[in-house]
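The entries follow in the order in which I looked things up.

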Amino acid sequence: MAEVWLADRVDGAFERQVAIKLLFNHPSRSQRASFAERFRRERDILAALAHRNIARLEDAGVTAGGQPWLALEYVQGEPITGWCDCKRTHIEARIAVFRQVLLAVEFAHANLVILSLSVSCGEAPGKPPWQGLPVKVGPVETIIREAVLADGITVVAAAGNGGERAFPGQMKPVIAVGGVFADEGGALKASNFASAFTSKIYANRKVPDVCGLCGEGVEADFIMLPVPPGSKHDRRFGVFDGTGKQDGWARFSGTSAAAPQVAGVCALLLQKSPNLTPKQVKSLLVGSAVDVKDGLAAAVGGAGALGAAAGADGATGAGLVDASAALALA
């Protein structure tokens with residue numbers, strides 16, 4: 001839809017670098033109109049987000065060639081995960097950083113933005129399962145629970161990959177997203193990379209609720225995603241996925257890539273019907289999902305892998321989210 005460039009102010013008034021987001025000049029007139037309208041909505045949302053931990057909108061306009069653009073505050077830094085690893089921060093410090101992110105996200109969602117969590121902490125494969133919620137992640141649970149139950153914010157979270165029981169994806173108020181793989185012919189099956197399980201913390205909580213598309217196998221190289229040029233992911237996946245090691249692209253996926261897909265559908269539902277509650281949004285997704293009948297999810301906790309079957313199942317929940325069908329029901 002768009003690309004982002006680092007830009008310098010050149011009129012001599014003062015020096016400043018900004019991130020310029022430029023809408024692609026699509027050849028189709030209908031596509032241009034549709035994307036331009038979405039771009040305008042993004043501009044209006046960003047203009048309302050005045051928060052110290054959210055990059056602010058500096059300016060907006062249209063080029064001489066008719067391409068809309070946004071100028072955003074440029075924040076030089078690195079991914080949070082990379083910063084934490086470099087600093088070797090302990091779990092309490094990581095939770096404190098994550099809490100700052102959640103507070104900024106909470107502010108954004110008070111302005112009708114969807115909360116999509118493609119990060120998680122949780123029980124790693126081969127480790128004993130949590131028998132209760134660790135005290136260290138209690139503040140995260142409190143913030144998310146208040147966001148859903150008190151503030152009416154729809155929260156979408158990844159279910160986990162490779163056999164982990166992800167948190168906060170297993171919280172009951174959250175829309176937990178698993179993975180479905182689609183082959184070149186369009187046939188669907190549960191992804192053997194995506195986790196599916198019954199929570200050991202929350203009684204009778206089965207994960208996932210619904211699924212987005214993701215890869216399968218050890219690397220799950222399925223969706224082309226932007227990454228920092230020359231980063232660990234760029235170098236690692238560039239060996240076998242057809243991209244370069246320094247080009248800023250890699251083909252990989254998982255439930256962290258599936259969750260934003262579902263969050264996008266949630267945003268469309270709330271755009272059409274702004275008064276929907278989080279529970280109603282989840283109900284619409286579940287009631288309109290495409291049933292997936294084949295495949296096995298990743299085995300969790302030494303138990304056998306859950307399989308997909310006709311109707312709701314443990315591997316894919318209600319199935320693959322269908323945006324058109326969900327909007328038709330809203």
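This is a predicted model: local features need pLDDT of at least 70, side-chain atom pairs count only at pLDDT 80 or more; totals for chains, interfaces and linings use all residues.

I then checked one cysteine by itself: Cys211 is in no disulfide, and the nearest cysteine sulfur, that of Cys214, is 7.7 Å away. The cut-off for a disulfide is a pair of sulfur atoms within 2.5 Å, so that distance rules the pair out. A disulfide is a covalent bond between the sulfur atoms of two cysteines.

Is Cys211 buried or exposed? I noted a relative accessible area of 0%, which makes Cys211 buried, as the limit for that is under 20%. I looked up Cys266 as well; Cys266 is also buried, with a relative accessible area of 0%.

Helices α6 and α7. Helix α6 covers residues 255–272 and helix α7 covers residues 278–288. How do their axes cross? They come within 11 Å and cross at roughly 115 degrees. The crossing of α6 and α7 is right-handed.

The open sheet. I traced an open sheet of 4 strands in the order β1-β2-β4-β3, with antiparallel pairing. Which strands stand at the edges? They are β1 (2–8) and β3 (57–62); each has a single partner strand, so one side of each is left without a neighbour in the sheet. Neighbouring strands of this sheet are turned by 25 degrees against each other on average, direction ignored. For β3 I looked up the partner: 5 bridges join β3 to strand β4 (residues 68–73), and the two run antiparallel. One bridge I noted sets Gly61 against Trp69 in β4.

Strands β14 and β15. I found 4 bridges between strand β14 (residues 223–226) and β15, again in an antiparallel run. The partner of Ile223 in β15 is Phe252. Strand β15 (residues 249–252) has Phe252 on its covered face together with Ala250. Trp249 and Arg251 lie on the uncovered face of β15.

Ala166. My last entry is Ala166, found in strand β8 (residues 165–167). Ala166 is buried, with a relative accessible area of 0%. I also noted its separation from Val207: 41 residues in sequence and 9.3 Å in space, C-alpha to C-alpha.

Note on methods: Residues are numbered from 1 along each chain as its sequence is written. Side-chain values use heavy atoms; hydrogens and water are left out. Buried means under 20% relative accessible area, exposed over 50%, partly exposed in between (1.4 Å probe, protein chains only). Two strands pair if DSSP finds at least two bridges between them. Axes are lines fitted to C-alpha atoms, for helices over the stretch in contact, and angles run from 0 to 180 degrees between N-to-C directions. A crossing is left-handed if the near helix is turned anticlockwise from the far one by less than a right angle, and right-handed if clockwise.
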